Amino acid sequence: MFSAFILVPAILNGLMTGAVYALIALGLTLIYGVLHIINFAHGALLMAAMFAAYFAHELLGFDPYLAILPVTAAFFAIGYLLQRFVITPSSHGKDENILLVTLGISIILENLALAFFQADTRTIDTPYAFEIVDLDIAFLPLPRVIAFFAALGVALALFAIMRFTDLGRAIRAVAKEKRGAELVGIDVKHIYAMTFGLGIACVAIAACLLLPNYYVNPQVGNAFVLVAFTIVVLGGMGSVTGALIGGLIIGLVESFGGLFLGESLGQIGIFLIFIIMLLFRPSGLFGQRA
C-alpha cells in the first residue's frame, strides 16, 4: 500500500495536469458543440501557439504568463479568419470536406514548423521554473499550480460567457437550432467563426500555461490532442462541463497510471477509458443521447 505522502501528491499533480488538459479539450468540445465538426487542426494550432509564446519570450522578453493576452488575441483572430474565410468556403456545406480541410491545415502548420524550426526541442528559462509550493504533505511546482488555477478561471469565464452574454446566447441558439437562429436574425456564419475563435483562444491560453515547464517542437501538439479527444468523448461531445470534469478525471488516471505502472505506461488507463466509453456510453458522462 502507498502512504498518504505518495498518494496525495499523485492526486494533486493529476488534478493540475488534468486542468490544462481540460482547457485544451474545452476548445475542441466548444467547436464540436456548435459547428458539429471535429477540428483535426487543434493540436497543430496548440503547437503554433506554443511557438508564438516561445518567441515572444526569446525575442521580446515577454514572460509566458504576460504573453497570454497578445497570443490569445492573435489566435482568436486566426481562428476567426480560418473558419470564416478558409474552412467554410472550402467545405461547400459538406462535413467530410471540413474534416479534410482541418486535417490539411494541421499538416501544413506542422510542416511549416519543421521547415522553419527543424525538429529541435526548445525550452525557456524563467526565474520561477523550479519554485515549489510547500503543502507539508506535498511539494507542488509553482508553474503547475498557476496553470491549474488559471485553467479553472478560464473555464469559469467561458461558462459565464456562454450563460450570461448575448454572444453566448447566440452560440447556444445556433448550436440548438441553426435554422431557427437564422430566422430570428442571428448571423450564423459570424457565430460559427466566433465559436471557432473562442476554441482556438482556449488552446492559446493552454499553450502559454504549458510553456514554463514544458518543451515545444513541431510535433508537441499531437500527444495533447489525443488526450483532448479522449476527454471530449468521456465528458460528452459538446459539453463544456463534461470537458472540465473529464479533464480532471483523465489527469488523475494518468497520474495513478504512472504511479502504479511507471511513467512510460501512465497513459494506458486513458485509452482504456476511451474504449470503454465508446463501448458502453458513447454519449459520454454529460452528453445527450442522439
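Let me start with two helices, H5, which covers residues 142-164, and H6, which pack at an angle of about 75° with their axes 5 Å apart; the axes here are lines fitted to C-alpha atoms, for helices over the stretch in contact, and the angle runs from 0 to 180 degrees between N-to-C directions. H5 and H6 are therefore roughly perpendicular to each other, a label given to angles of 65 to 115 degrees, while under 35 counts as roughly parallel, over 145 as roughly antiparallel, and the rest as oblique.

Before I go on, please keep in mind that this is a predicted model, in which local features need pLDDT of at least 70 and side-chain atom pairs count only at pLDDT 80 or more, whereas totals for chains, interfaces and linings use all residues. Residues are numbered from 1 along each chain as its sequence is written, and side-chain values use heavy atoms, with hydrogens and water left out.

Which residues make the contact of H5 and H6? From H5 they are Ile 161, Met 162, Arg 163 and Phe 164, and from H6 they are Asp 166, Gly 168, Arg 169, Ile 171 and Arg 172, where contact means heavy atoms within 4.5 Å.

Staying with H6, which runs over residues 166-176, we find Gly 168, Ala 170, Ile 171 and Val 174 buried, and here buried means under 20% relative accessible area, exposed over 50%, and partly exposed in between, with a 1.4 Å probe and protein chains only. Seen down the axis of H6, these buried residues fall within an arc of 160°, so they line one face of the helix; the arc is that of the directions from the helix axis to the C-beta atoms. On the face turned away from that buried side, H6 carries the exposed residues Asp 166 and Lys 176.

Now to the aromatic rings, of which a search of the whole structure finds eleven pairs; rings of Phe, Tyr and Trp (its six-membered ring) pair if their centres lie within 6.5 Å, and planes under 30 degrees apart count as stacked, over 60 as edge-to-face and the rest as tilted. One of them joins Phe 40 and Phe 229, whose ring centres are 6.2 Å apart and whose planes are at 55°, so the pair is tilted. Phe 40 lies in the loop between helix H1 and helix H2, and Phe 229 in helix H9, so this pair ties together parts that are 189 residues apart in sequence. At 35% relative accessibility, Phe 40 counts as partly exposed, and Phe 229 is partly exposed at 21%.

How values were computed:
Helix = DSSP H or I, 4+ residues; strand = E, 2+ residues; numbered from the N terminus.
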